[in-house]
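The notes below are in the order I took them.

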Amino acid sequence: MTRLKTLPTRRRAPYLRLMLLIIAAVVAFDQASKIAIEAALQPGQALHIIGDWFRFLLVYNPGAAFSLGGESSTWLFTTFQLVFLVGVLIAAPRIDDRFQAIALAMVAGGAGGNLVDRLLREPGFWFGHVVDFISVGDFAIFNVADSFITVGVALFLLAVFTEERRARKADAQEADDEH
């Protein structure tokens, strides 16, 4: 009797659960931090943590991260965040690099956290202002979501770079093994 040889199966969506967990955790952490800061401060009020260098300062931002854009661009930022978040969710099942998955989930979670503000906060649906409160020196005021977006983008670029490097190294090793 001949046994059929089975082909190795590739795990489907190896990092989907991890990505969904990270996205949900980032959105929850971001929203919880915004709720806490709104309970503690009035708009424009500062809570000095390390003098004037590091403080919490509650502001409502109609623009993008680091106060780019303005009131007239709010709908554009909302649309971009939604498209990015949906795009990551669609791509997530096909991502097979753990570091890229984590990085993209961090960026998507940050986009999701700010998207919640844009959809549910004043002045209204799709045009809501984002709660910003982390103020470092004379740098722009930002929030937890913006932090995850920034770190996630940096990690994603690092993951892409190291993946290419690992692939080149594997190709070189394979070529050496053939000779």
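This is a predicted model: local features need pLDDT of at least 70, side-chain atom pairs count only at pLDDT 80 or more; totals for chains, interfaces and linings use all residues.

Four strands form an open sheet in the order 1-2-3-4, with antiparallel pairing. Strand 1 (46-50) and strand 4 (141-142) are the edge strands, each pairing on one side only.

I then went through the pairs. Strand 1 and strand 2 are joined by four bridges in the antiparallel sense, and Ile50 has Phe54 of strand 2 as its bridge partner. These two strands make a hairpin with three residues between them. I noted Gly51 in that turn, where phi is positive at about 55°.

Strand 2 and strand 3 run antiparallel and are joined by six bridges. Here I picked out Tyr60, whose bridge partner in strand 3 is Val131. Strand 3 and strand 4, also listed as antiparallel, have two bridges, and Ile134 is partnered with Phe142 of strand 4.

I checked the length of helix 1 (residues 16-40). At 1.5 Å a residue, its 25 residues should span 36 Å, and the end C-alpha atoms are 36 Å apart, so the two agree.

Which residues of helix 1 are buried? I listed Met19, Ile22, Ile23, Val26, Val27, Asp30, Gln31, Ser33, Lys34 and Ile37. Asp30 and Lys34 are on that list, and both count as charged. The buried residues of helix 1 pack against strand 2 (54-61), helix 2 (74-91), helix 3 (98-120), strand 3 (130-136) and helix 4 (144-178).

I found His129 in the loop between helix 3 and strand 3. Is His129 buried or exposed? Its relative accessible area is 14%, and the cut-off for buried is under 20%, so His129 counts as buried. Leaving out residues up to four places away in sequence, His129 touches Tyr60, Asn61, Pro62, Glu71, Asp117, Arg121, Glu122 and Pro123. Tyr60 in this list is the residue I had already noted as the bridge partner of Val131.

I recorded about 380 Å³ of space in the largest pocket. Its lining has 22 residues, and Phe80, Gln81, Val107, Ala111 and Ile149 lie nearest the centre. By type, the lining residues are 14 nonpolar, five polar and three charged.

Where does the lining come from? Helix 2, helix 3, strand 3 and helix 4 each supply at least two residues. Helix 4 gives the most, with six.

Key:
Residues are numbered from 1 along each chain as its sequence is written. Side-chain values use heavy atoms; hydrogens and water are left out. The expected span of a helix is 1.5 Å times one less than its number of residues. Buried means under 20% relative accessible area, exposed over 50%, partly exposed in between (1.4 Å probe, protein chains only). Contact means heavy atoms within 4.5 Å. On a 1 Å grid over the protein atoms alone, a cavity is a set of points where a 1.4 Å probe fits but cannot get out, and a pocket is an open set with protein on both sides within 12 Å along at least five of seven lines; lining residues have an atom within 4 Å of a point. Grid points are joined across faces, edges and corners, and a volume is the space filled by probe spheres set on the points. Two strands pair if DSSP finds at least two bridges between them.
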